[in-house]
Every structure is written in structure tokens, then in C-alpha cells.
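Subject: Structure handover

Hello,

Here is the structure you asked about, with its sequence.

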Amino acid sequence: MIHVYKIEDMHFVIDTNSGLVHSVDEIIYDLLIEENFKNENKLQELCVKYGQDIIDEALLEIKYLIDNKMLYTEENNIVNRIEPAVKAMCLNMTHDCNLRCEYCFASQGTYNGERAYMSYETGKKAFDYLVKSSGNRINLEVDFFGGEPLMNFDTIKKLVDYGRSLEEKYNKHFRFTITTNGVLLDEEKRDYINEVMDNVVLSIDGRKDINDRMRKTVNNKGSYDIIVENFKKLVDKRKDKDYFARGTFTAYNLDFADDVKHMRDLGFDKISVEPVVAKPEEKYALKEEHIEKLKSEYEKLAKLYIDYKNNDKKFQFFHFNIELDGGPCIYKRSIGCGAGTEYVAVTPEGDYYPCHQFVGEKKFIIGNVDDGITNDEVVNMFRNVSVNEKPVCKDCWAKYYCSGGCHANAYNFNNDFKVPYNVGCELEKKRIECSIFIKAKLQ
């Protein structure tokens, strides 16, 4: 299986099963697109366009690539080679929030339940389980999440100290991340975060009017003016430590590249802006008719990215970070994020879920901090869904890049883990194309 595409004056061929990416000339592109090199009528047309000798030479090049297993390579025979071990946790420090974002998947922080805060004891038990269940993994990930986690700041500090106390004893290293909306980000919290957090996710949607339309305070006021200065002060002192200014675009800002540019102009050089995932009946939802506009916006953003890099400006866009020379093994690429097997979310009550996007759906509870993971039926459901068991994914050129997409999106839209969310699929494929285009241009 191959995928052939072009952006501007560059032509690409991706071989799905080997992962090889070829930058080719227009002649090879014209021969490979829709497999024209196998179609006598198309071949005659191309001979008229380019000349018989040039076509013959190009056909020999294609044959060489096929013979040497660089095009149309065979399907991978994937088997379960890795025994999963939990290596990452999302701790929902609060089921409460001081914003009322319209698109919030967590129902403004409550996850369709009661407002609640994680206790230190519950967090300790989660850390103990993570250490015990991580096998020989040394590096462990903990994300302090919510709601708004800074509403439970003192408990976060205690848990970080507890995690550090476990490292030498068990030969582990914790890597801490916090996701915050910035409302409570005063000097004390900024300094603490910059000292102990390996990564920070700063929630902002871009331009003031765009941000304030969706991200409102409990008093129905916009949050932009509250958070921007807090974020800038944190980033100014963060130095080389990781962070992302993370936004969500909706049907209200299909021109989201302008929001990325605005965030870069504010001084944020590490940015992630992601498509909203919402039911079609929501006014802000992205729909099938938006896809072509959004694809063109990703191309616009790719060109902006290249322009920044060519002018020695720091800039990262999370979804354009692509690894072509290494990355996960083929087994990992086939099963995806590791939800429920390598990653779990923990609620304030101490329940374990496969990931934070399933919290509140009680049938997806897989265990708790007292008993560990006990619901093998749900865990195995996540563990055994690979791209080659999903009919739509099996014949998709991008399957080893996206690993079949988000389980939560598939379930929420189609009530079936094996049926991906189509809008998400189309945008993911475009991001991959743009990422490869960027790499080629910059090299």
C-alpha cells in the first residue's frame, strides 16, 4: 500500500508498511498516482506528455524500488510482543473548575458527577500502584489534571514530594506535567511549577475574541485578560523546560492558523492547537463540510512554520512533530496510546479509568487505588484493538502514524472502538502530510 500526494511544488510517496517516505519528481508522481504505471491508456498519455525514453527510465526506477522492498512492501505480521506495564497516570486532582468552557468534555470539571478533590492519601496509593505496576520501566509519567488542578495546589506539592521519595528506593524517575487554565497562576505557583514540573500545558485558544467566546469564568466573563500575563510570566522564566500553549479550535475559528500566529506573537513558541471533538448538533462542532477548509488551514500553518524556521525564529507546533527515523516499534504503532494498559486516569474517589476521556462512564472503571486493576474484560478490550482489526484503518495509508486514532472519539461518535471518528481521521492525515512537507522543505 502506498500514498501519493503533493503540496506546492513537492511530490511525495509514502510506503505504508515499511514507513519509507520518498520525495519524487513530477514524472514518478504521475506514474504512481492511482497506479497509472499499470494502466496502458494512462501510460500512453504520459509518454505523450514526457516522452517515451523518460517514461521508460522512470518505470525502471519504480521497478527498482519495488524489487528492493521500498515500495508496495508486504503487510506486517504483527503479534503481541510486549507485556504491558502501567507507566503513566493522569491524576484528576479536582472534579471542579473555575472556568465554564462551553466545549469542555469534562462537563466544566465535574465529569457529570459531584464536585470533588483528590486527597493526599488517594494520590499516595495511586503513586504506590504506579511504582509496583511499572515493571522494569524506570521513567514514569504523572500528569496533574482536572478540572483545574491548581485548585488543589497543596496536595499536588505533597504528592510531588512523595513521588520523589520513592525514586531512589525503587529505581524510578518521575516526570511531572501539569495542565492549567492559568486563572490561579500567581507568582508562588509559577515558581513552583517552573522548579518541579517537567512539562506544563497552558490552556488558551488564541485571539482574545476566540478565547473568550468559549473559555469563560464562572461570572460569564472572558478569561483572556486574566491568563495571558500569567502565562507569559511563567514562560519567561521557564528557560529550556518543556511547555505547550494548548488551544482548541471550533467551527467559530476555522482560520485557526491565525490563532497559532497570535499565540506565537504573544511569545509562546511551543504551541498545540487541536480540533474540538463535539456532537454534530453543537453549534461549535466541526463537521464534514469543514474538512477541506481545515486542510487548507493546515497547509497555511505549515508554510508559516517553515517561514519562522527559515528566519531563525523558535517555533514548535505539536502536531507537526513527526519521527521518520525511529519512534515506536511496529507493534506499538498498531495499538496506539496504551489506554488501560500503559496509561490510566485516577479520579478523586480513587477509581481507575482507561484514560481521562472515559472518566464518568462508570462501565469503563477498570479498578481502584485499593484493589488495583481488576476489570480484565475492559482492559483486554483496549489491549486487543489494533489498526488491522478496524475495517476502515486496515486499508488506510496513515494507520501506523495515528495507530487508529482516539478510542474515546470512536466510542463517543460511533459507539464502537473499531469505527474511527472520521473528521479526526481526515485532519490527522493532513497533519501527517504537512509534517513530511515541512521536513523536506527544511532539509
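Start with two helices that meet: A257, D258, V260, K261, R264 and D265 in α9 are in contact with E297, K300, L301, L304 and Y308 in α10. Sorted by type, the residues of this contact are five nonpolar, no polar and six charged. Please keep in mind that this is a predicted model.

Two packed helices are described by the angle between their axes and the distance between the axes. Here the axes of α9 (residues 257-265) and α10 (residues 291-310) come within 9 Å and cross at roughly 25 degrees. Angles under 35 degrees count as roughly parallel, so α9 is roughly parallel to α10.

Next, look at T180, which lies in strand β8 (residues 173-180). Is T180 buried or exposed? Its relative accessibility is 1%, and buried means under 20%, so T180 counts as buried. Leaving out residues up to four places away in sequence, T180 touches E148, L150, V200, V201, L202, S203 and F231. With one of these, E148, there is a polar contact between side chains, at 2.9 Å. The side chain of T180 also reaches the backbone nitrogen of G182, at 3.0 Å. By contrast, E121 is 59 residues from T180 in sequence and 23 Å from it in space, C-alpha to C-alpha.

- The peptide bond from G146 to G147 is cis, with omega near 10 degrees. G147 sits in the loop between β7 (139-145) and α5 (153-170).
- E35, in the loop between α1 (26-32) and α2 (40-50), is not a glycine but has a positive phi, near 55 degrees. E35 has a relative accessible area of 33% and is therefore partly exposed.
- N220, in the loop between α7 and α8, is not a glycine either, and its phi is positive at about 65 degrees. The relative accessible area of N220 is 55%, so N220 is exposed.

Regards

Key. Residues are numbered from 1 along each chain as its sequence is written. This is a predicted model: local features need pLDDT of at least 70, side-chain atom pairs count only at pLDDT 80 or more; totals for chains, interfaces and linings use all residues. Side-chain values use heavy atoms; hydrogens and water are left out. Helices (H or I, at least four residues) and strands (E, at least two) are DSSP runs, numbered from the N terminus. Buried means under 20% relative accessible area, exposed over 50%, partly exposed in between (1.4 Å probe, protein chains only). Contact means heavy atoms within 4.5 Å. A polar contact is a pair of N or O atoms within 3.5 Å; within protein, one must be able to donate a hydrogen and the other to accept it, and residues adjacent in sequence count only if both atoms are side-chain atoms. Axes are lines fitted to C-alpha atoms, for helices over the stretch in contact, and angles run from 0 to 180 degrees between N-to-C directions. Angles under 35 degrees count as roughly parallel, over 145 as roughly antiparallel, 65 to 115 as roughly perpendicular and the rest as oblique. Ala, Val, Leu, Ile, Met, Phe, Trp, Tyr, Cys and Pro count as nonpolar, Asp, Glu, Lys and Arg as charged, and the others, Gly among them, as polar.
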